[in-house]
Amino acid sequence: MTGGGDRADLLRGDARQVTPMELFFDLVYVFAVTQLTDLLLADLTPAGALRTLLLLIVVWWAWVDTAWVTNWFDPGRASVRLMLTAVMLLALVMSATLPEAYGDRGLWFAGAYVAMQVGRSAFAAVESRGRPDLRRNFQRILVWRATTGVLWLVGALLDGPWRVVLWTVAVAGEYVAAAWGFWIPGRGRSTPADWRISGRHLAERCQLFILIALGESILVTGAAFAGLRFDAYTVAAFAAAFLGSVALWWVYFGRVAEAAGGVIDRADEPGRLGRSAYTYCHLPIVAGIIVTAVGDKLTIAGPTGRTDVAVVATVLGGPALFLTGHALFKKAVFGHPSRDRLVAVAVLVALAPLGLLVPPLLLSALATLVLAGVAAWDTRLVGRSGSGGVRSGGR
């Protein structure tokens, strides 16, 4: 670190612990996840699920971009804190307008998102002038954010399917840009050498977001239970939902979560590995938690009622999404498939036809048993090897 007023002063040193400012920043996303859950509950159709997925991708992309920036920039510095505060305000506006993003508040939603993405990238490009490699990386990101921002804003001015089409193209462009190293004609692309990161910091940041999603899931479960008459079936549905959340936590926060950051730090290309493991593979994990929360609420509301397609899709589909994402995460970090998770996903898929014939309570209990089985298998591996089944040097 240099002294005086050098811009490099804003960059972190070797120690990159999560700071109170980052924890404070995350509070906005508790609201965002709640909004997404309510949005999916309000429109349990294939089209509604796809629209919610598009907004979830936006929320995740906005959050994870900030996590990457704070991997390099020190939130303890006043200017970085001010930047995070401004991004936090914009994220709050974005979250507040989520329910009407496809309606009258589309421009508010898109405007907040674009301002957040462009403003954060511009700050990083300016303040990283002490690190030419990092500055070139953020300059490329800024060009891409401004380009896709046009699509977001034009889409917000249109109604109906054209808005969804343009926003989908914008999201696809942002993900493809990252995969291409934010290539700019005449300026080249960013390389993994430009993405030297702290794997442990990024791992801890994503663990905290998973806790946000799980916390919202428990909130949904508790709120649904509190508003109903307590009888044996309702209590049983509540217990199954709670145990399912515990199993999700157990599966994610096993030895794998702790070991992943160290593996990324030791990798030849930590930025590339961190992008695959966290930016991409964590999206289905978060989606799975949200969908599971919706299934829990439907089950608690009618534990002995009719099991329709929406109940089957959420009660079984949520855990399946979560486990698929976690299998991809383990594959990305450790280089070997997670057969137990893939077997569990196959079991959940096989249960779908049966799901239409049994009450929601029984279906929820079966899904919880599958998750508990994966958690028990992980615990068995920890007991046998002390490593949670993680093979060091797997990548």
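How many residues of the lining of the largest pocket are nonpolar, how many polar and how many charged? The lining divides into 14 nonpolar, three polar and no charged residues. Here Ala, Val, Leu, Ile, Met, Phe, Trp, Tyr, Cys and Pro count as nonpolar, Asp, Glu, Lys and Arg as charged, and the others, Gly among them, as polar.

This is a predicted model, in which local features need pLDDT of at least 70, side-chain atom pairs count only at pLDDT 80 or more, and totals for chains, interfaces and linings use all residues. Residues are numbered from 1 along each chain as its sequence is written, and side-chain values use heavy atoms, with hydrogens and water left out.

**View 1. The largest pocket.** About 430 Å³ of space lies in this pocket. Its lining holds 17 residues. Nearest the centre lie L40, T45, A49, V291 and T314. Helices α2, α11 (282-301) and α12 (309-334) each give two or more residues to the lining. A pocket is an open set of points on a 1 Å grid over the protein atoms alone, where a 1.4 Å probe fits, with protein on both sides within 12 Å along at least five of seven lines; lining residues have an atom within 4 Å of a point. The volume is the space filled by probe spheres set on the points, which are joined across faces, edges and corners. Helices are DSSP runs (H or I, at least four residues), numbered from the N terminus.

**View 2. The W68 and W72 pair.** The model has 22 aromatic pairs. W68 and W72 form a tilted one, 6.0 Å centre to centre, with 50° between the planes. Rings of Phe, Tyr and Trp (its six-membered ring) pair if their centres lie within 6.5 Å; planes under 30 degrees apart count as stacked, over 60 as edge-to-face and the rest as tilted. Both residues sit in helix α2 (residues 46-72), four residues apart, so about one helical turn separates them. W68 is buried at 10% relative accessibility. W72 is buried at 5%. Buried means under 20% relative accessible area, with a 1.4 Å probe and protein chains only.

**View 3. Y252 and F253.** The ring centres of Y252 and F253 are 4.8 Å apart and their planes stand at 70°, so this pair is edge-to-face. Y252 is buried, at 1% relative accessibility. One aromatic cluster takes in W249, W250, Y252, F253, Y278 and F329.

**View 4. Cysteines without a disulfide.** The count of disulfides (cysteine sulfur pairs within 2.5 Å) is zero. For C206, the nearest cysteine sulfur is that of C281, 11 Å away. C206 is buried at 0% relative accessibility. C281 is buried at 12%.

Key:
Buried < 20%, exposed > 50% of the residue type's maximum accessible area, 1.4 Å probe, protein only.
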